[in-house]
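Work through the exercises below with the sequence and the model open beside you. Try each task before reading its solution.

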Amino acid sequence: MELQLTGSPVRDVQHMLNVLSFSHPAIPRLVEDGVFGERTLEGVMIFQRDFALPVTGVVDYDTWLALRVQTDLIAQRDGAPIPLQIISPQYTPTASGTPEWEFVRTILTSLSSILTNFPNTPASDSENIRQIQRLAQLPVTGVLDRPTWGILVRLYHALVVRGALSGAG
């Protein structure tokens, strides 16, 4: 992979480097944006150095395979979390106080304490869902469907859970 390459393969590399960064602190944490920029290049080169690969900054077959193997070893050691499936395939947010929506409110409340443009009121829930959909380039419906739920859970893990684990929360 070359500098300025973009897309899903780059996101995969960034994700694997992020997984490895928890047990190899020299590897920088990256924004998984799909852009092979300077920080991703730095992460690749540090990984190559630390795992006795030629330090080229290029994600060739050997580097990709080593990333995959190391990431899989961590997943086997730590175990992958079970995906949280509490909503139906199509769920429309309401203020009815259903147990499912109360759980979603808990997540939205946690995010609102971190994100300044994410109000914490039941009246703003649909707008917060729309905002997530816009940022994730999903159809902007205000409906908490499965793709939106997936993004919401990833945001929660990235901002709330990681923050608590790192002592920032």
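## A charge and a ring

The charged end of R29 sits over the ring of F22, 4.0 Å from its centre, where sitting over a ring requires NZ of Lys or CZ of Arg to be within 6 Å of the ring centre and within 35 degrees of the ring normal. The model is a predicted one, in which local features need pLDDT of at least 70 and side-chain atom pairs count only at pLDDT 80 or more, while totals for chains, interfaces and linings use all residues. Residues are numbered from 1 along each chain as its sequence is written, and side-chain values use heavy atoms, with hydrogens and water left out.

## Exercise 1: the overall pattern

Task: state how many helices and strands the protein chain has, and in which pattern they follow one another.

Solution. Begin with the elements, which are DSSP runs numbered from the N terminus, with helices (H or I) of at least four residues and strands (E) of at least two. By this rule the protein chain has six helices and two strands, and reading along the sequence gives the pattern α-α-α-β-α-α-β-α.

Next, turn to burial, where buried means under 20% relative accessible area, exposed means over 50%, and partly exposed lies in between, computed with a 1.4 Å probe on protein chains only. Of the 169 residues of the protein chain, 35% count as buried.

Finally, consider contacts, meaning heavy atoms within 4.5 Å. Among the contacts in the protein chain with a separation of 6 or more, 44% are between residues 24 or more positions apart.

## Exercise 2: helix α2 and what follows

Task: describe the span of helix α2, name its buried residues, and say what follows the helix.

Solution. Helix α2 covers residues 38–50, which is 13 residues, and reaches 18 Å from its first C-alpha to its last, close to the expected 18 Å; the expected span is 1.5 Å times one less than the number of residues.

The buried residues of α2 are T40, L41, G43, V44, I46, F47 and Q48, and their cover includes α1 (8–21) and α3 (61–78).

After α2 comes A52, which lies in the loop between α2 and α3. A52 has a positive phi of about 55 degrees although it is not a glycine, and A52 is exposed, with a relative accessible area of 72%.

## Exercise 3: salt bridges

Task: say how many salt bridges the structure holds, and work out which parts of the chain the pair of D125 and R105 ties together.

Solution. A salt bridge is a side-chain nitrogen of Lys or Arg within 4 Å of a carboxyl oxygen of Asp or Glu, and the structure holds six of them.

In one of these, D125 is paired with R105, with the closest N and O atoms 2.6 Å apart. D125 lies in helix α5 and R105 in helix α4, so the pair ties together parts that are 20 residues apart in sequence. D125 is buried at 3% relative accessible area, and R105 is buried at 12%. Leaving aside residues up to four places away in sequence, D125 touches W101, R105 and L108.

Compare this with R130 and E127, whose closest N and O atoms are 3.8 Å apart. Both lie in helix α5, three residues apart, about one turn of the helix. R130 is partly exposed at 29%, and E127 is partly exposed at 38%. A network of salt bridges links E127, R130 and R134.

## Exercise 4: a serine in a loop

Task: is S124 buried or exposed, and which backbone oxygen lies 2.7 Å from a polar atom of its side chain?

Solution. S124 is found in the loop between α4 (99–112) and α5 (125–135), and S124 is buried, with a relative accessible area of 9%. The backbone oxygen of T121 lies 2.7 Å from a polar atom of the side chain of S124, and the backbone oxygen of P119 lies 3.2 Å from a polar atom of that side chain.

How values were computed. A polar contact is a pair of N or O atoms within 3.5 Å; within protein, one must be able to donate a hydrogen and the other to accept it, and residues adjacent in sequence count only if both atoms are side-chain atoms.
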